[in-house]
Amino acid sequence: MIVVMRAGATKQQIFAAVARIEKDGFSAHLSEGAERTIIGVIGDDRPVERHTYEVLDGVEKTVAVLKPFKLVSRDFQQEHTTVKVNGVVFGASSISIIAGPCSVEDRAQLLESAHAVKEAGAQALRGGAFKPRSSPYSFQGLGEQGLQLLAEAREQTGLPVVTEVMTPEQLPLVTRYADVLQIGARNMQNYELLKAVGRGSHAVLLKRGLMATVEELLMSAEYILAQGNRRVILCERGIRTFEKYTRNTTDINAVPVMKSLTHLPVLLDPSHGVGKWAFVTAVARAGIAAGADGLIVEVHPRPAEALSDGGQSLLPERFAELVQQVRAIAATIGRE
Ligand code: PEP
Ligand code: MN
C-alpha cells in the first residue's frame, strides 16, 4: 500500500505517518516528488487496514498497490529515477553507454580498450574480473588483479567502472574498486546477493536472467530497494528461446514494458542479446528507438584473441560507428 500525503504536508505530519507505519511493524519508504510525498508501506503480505492511515493528519489518501513489485513500481514513484555515478547519469534524458571487454585479460588489453571506448564516446567502462562461465575449464577472470587494472583504467580515462560481483563474499573486495556492481543474468535470483547489495550504497546494474520474466526481474530489483538501496539500473540482455541462430533473443518488448512499469533506468545489452558482432549495432539502434536509457556493449581491440565473448565483441572502430548511429536515433526521439 502507499500513503499519499497532501501537497504541502508538513515534515511533522510526514514524520508522524512514518512513525505510525513503523509502529505497526511495516517499513516506510519515502518518495519525495515535486508536489507531494508518497510513503510506501512495505512488509509481509498481511492485509493493511487502510483506514488507520487515512485518518492521520496530512494524509490525502491511501492506494493499494496490486502489483507484486512495490518500491520499483511507477505507482510508488512517477518520476524517473536517475542513478548518478561519478558525474555519469543513468535514466536522464541523455543516453549513457557503457563499453569495454567482456573480461579483463591483461593490462595492455584493458587500457587499450578503455582509451578506445572513451574516444568513441562511451561514458563508462565495463570489464569482468570475476566471470560466470558455463564451463569450469573456461577463463574465470583475473579476480583482484583485474579489479586493480580497472581502477588504473579509471584513473587514466576518468570513466567509471562497471564490473560483476558473483557472491556476497566477494562484495567487500569488489566494492573497493567498482563504481557500479553488475549482477549477471545467472545471479538475478541469487537473493542473498541481492540483499547484500541492497544493504550497501553502490549503484547496481541488474541483468535479466536467461529464463526470467519481466516481473521476476522487477521482483529481484525489489529485493535491492527493500533493503534501502535505490540506485538500481535494469538491463535487458536477451532471453532463451527456441531460436538457435542467435545466442539469445533480445526482448525489445521488455524495454517499453519496463519503462512503463518501473521508474528505474533500463539499459539494453545488444552484445549478449544477439551474440554475434555483425548484428550488435542493429540491435543497439532498436533498443534506443524503443526507449532504452542506454547500452552496455562489449568491445575488444582484438576480438579473435578474446578469452571470452570474442564473437560478439565489436572492434573499437565499429563501436565508434555504433555510437554515431545511436546519437542520430536519440536525436530523432528527443534525447541526447
Ligand atoms: C557479461 O556481461 O559479460 C555477462 C556475463 O553477462 P550476462 O550475465 O548477461 O550473461
Ligand atoms: Mn560477456
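Analyst: Helices, of at least four residues, and strands, of at least two, are DSSP runs that are numbered from the N terminus. The model is a predicted one. Counted in this way, the protein has 14 strands and eleven helices.

User: What is the radius of gyration of the protein, and why does it count as being as compact as a globular protein of that length?

Analyst: For 336 residues the globule rule gives 20 Å, and the value for the protein is close to this, so the protein is as compact as a globular protein of that length. Along its principal axes, the C-alpha trace spans about 65 × 45 × 40 Å. The radius of gyration asked for is 21 Å.

User: What percentage of the 336 residues count as buried?

Analyst: A residue is called buried when its relative accessible area is under 20%. Of the 336 residues of the protein, the share that counts as buried is 55%.

User: Where is Tyr245 placed, and is Tyr245 buried or exposed?

Analyst: Tyr245 lies in the loop that runs between β12 (232-236) and α8 (254-261). The cut-off for an exposed residue is over 50%. Because the relative accessibility of Tyr245 is 54%, Tyr245 counts as exposed.

User: Which residues does Tyr245 touch, not counting those up to four places away in sequence?

Analyst: A contact here means heavy atoms within 4.5 Å. Leaving out residues up to four places away in sequence, the residues that Tyr245 touches are Lys276 and Phe279.

How values were computed
Residues are numbered from 1 along each chain as its sequence is written. Chains are lettered from A and ligands numbered from 1 in the order in which they are written. This is a predicted model: local features need pLDDT of at least 70, side-chain atom pairs count only at pLDDT 80 or more; totals for chains, interfaces and linings use all residues. Side-chain values use heavy atoms; hydrogens and water are left out. The radius of gyration is taken over C-alpha atoms; the globule rule is 2.2 Å times the number of residues to the power 0.38. Buried means under 20% relative accessible area, exposed over 50%, partly exposed in between (1.4 Å probe, protein chains only).
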